[in-house]
Amino acid sequence: MSLRRHKLEAVKSKEFVDIQLDKDNVVFQGTEQEAMGVYLSGNLVFNLKEATTIKHIRLNLCGVRRVTLPFRAAGFKRLSRETEFYKQSWQFHDAYRTTPEIFSAGSYEYPFNVILEGSMVESLEGLKDASITYFFTVEIGRKHGKNITYRKPLRIIRAPKPAGVDLTLDEIWAQKLAYRVEVPSKVVAFGTSVDVNYDFVPLLAGLQIIYIDSQLIETRDLTLNEGELVSGRNNSSTTAVLASDRYEVDESTPHYTTKSTNGFHFSRSLQLPRSLGQCVQDMSAMGIEIKHKLKIHVRMQNPDGHFSELRVSIPVSIYLSPHHRVWEGETVAGEAPPIFVESELSDEAPPPYGQHELDRSFNEQRQVAAL
C-alpha cells in the first residue's frame, strides 16, 4: 500500500477541521481609494470519526488590531489595547433555530464566500508592539463533550499600481559641490534592496570627498487609542536602522574627467532585512504609522583642513510584493520581482500558511482544540 493511501486512511480515522480557500492570500492592487474589491470563496470541511450530536456550526472571519506601548510609572508597565474591527459570520447549523442534529461519522463540506472591500486595511505582521491580523475561526458545538474549535490566519497585502517611482536630486551645495543622487525606485519590495546612483563634482579646488554614509531608517509611530490626544500614555515613537553602508572615495573610485569637470560616478545598494521581525511595510492606518527614509551623509575635507558634511534625506516606501514569498521564520525567498507591466500583474502572493507554520506573527497555527 502506498504512503499516500496510508495518509488518507489516517485522516479519515480521526476528527479534523480545515478551511480550503480559492486563494491563499488576498491581494489588493492600488491604494485604499483605488483598489477593487476581491471575491474570496472557500469550503469549511471537517471529518467526524463517530456519530455526534451537533448543536451549531459557526464560521467567522475576523480582523483584529493590537497595539502595545511601553509606559514607565511606578516600575515598568506596558499598556495594551486589542480591538476587533472586522467580522463576517456564517451559520451553517444553529440549535437556536433548529433542534440539535445527529451527524453520522464521515466528512462534511460547507461552501461560503465573501467580497472583501478594496479599502480594507492590509495585514501587519512581525512587530511585537503592533499588528493587524485577519483569521478564520470555526466552532462546532457538540451536545456532549467540548466544542470543536479551529483557527486559520488570512494574509491581506496591498501592492502598488505600476507608476514611475524614481527620484533624482540634482543640486549644488554651498557652492562647493555639485551632486546628483538618483534612486531608480523609491517604492521597494520587502526583502529586496534600495539602489542608489551617485555623481559628485567638486567645485572648490582642493575639496576632497572622504566617504559617503547611507542608512535606511524605519520610524514607527503607535497610538494606543485612536482619536485621543497625543500624550505620553497614548503614543510612542521608535526608530530603527534597517541597513547601512559606508563608501570611501579614493583613487580607485570610478571617476570621469572633461575639459571643465573632474567628478566621481558610482552606485551602491542597501539590502533590506529578510525578516518581518526586523522590517515591515509602510503603513498609515488605525493609529499605526510606519515610514522609511534613506539618509545620506557626504563627509568632505576643505582645502584649509576643516571638515564639512552634506546631508540628504529621501523618502522610501516598502511594500509586501505579490511576486515575493514569505517563508519559514517570515523571511523572503525568491528572485527579484519583475518590472511592473500592467499585463504581468499577478495575484500570486506569499504561500499558504500551511507551508510556513513557523511564522511568528501567527502563533496559533492550524490547531484543532478539544478533539
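Guide: Let's start with strand β3, which covers residues 38-48 and pairs with β7 in the antiparallel sense over 11 bridges. To find your place in this pairing, look for Leu44, which stands opposite Tyr110 in β7. Please keep in mind that this is a predicted model.

Now step back to the sheet these strands belong to. This open sheet has three strands in the order β1-β3-β7, with antiparallel pairing. At its edges stand β1 (16-21) and β7 (106-116), each with a single partner strand, so one side of each has no neighbour in the sheet. On average, neighbouring strands here are turned by 20° against each other, direction ignored.

From the sheet we can move on to the nonpolar cores. The largest nonpolar core has 47 residues, and those with the most contacts inside it include Ile19, Leu116 and Leu124. Phe136, Leu154 and Ile288 are also among those with the most contacts in this core. Take Leu124 as an example: leaving aside its neighbours within four places in sequence, Leu124 is in contact with residues including Ala130, Ile132, Val280, Met283, Ile288 and Ile290. There is also a second, separate core of 38 residues, with Val27, Tyr198, Phe266 and Leu272 among them.

Finally, a word on the cysteines. The structure holds zero disulfides. Cys62 has a relative accessible area of 5%, so this residue counts as buried. Cys279 is buried too, at 0% relative accessibility.

Notes: Residues are numbered from 1 along each chain as its sequence is written. This is a predicted model: local features need pLDDT of at least 70, side-chain atom pairs count only at pLDDT 80 or more; totals for chains, interfaces and linings use all residues. Side-chain values use heavy atoms; hydrogens and water are left out. A nonpolar core is a set of buried Ala, Val, Leu, Ile, Met, Phe, Trp, Tyr and Cys residues joined through side-chain atoms within 4.5 Å. Buried means under 20% relative accessible area, exposed over 50%, partly exposed in between (1.4 Å probe, protein chains only). Contact means heavy atoms within 4.5 Å. A disulfide is a pair of cysteine sulfur atoms within 2.5 Å. Two strands pair if DSSP finds at least two bridges between them. Helices (H or I, at least four residues) and strands (E, at least two) are DSSP runs, numbered from the N terminus. Axes are lines fitted to C-alpha atoms, for helices over the stretch in contact, and angles run from 0 to 180 degrees between N-to-C directions.
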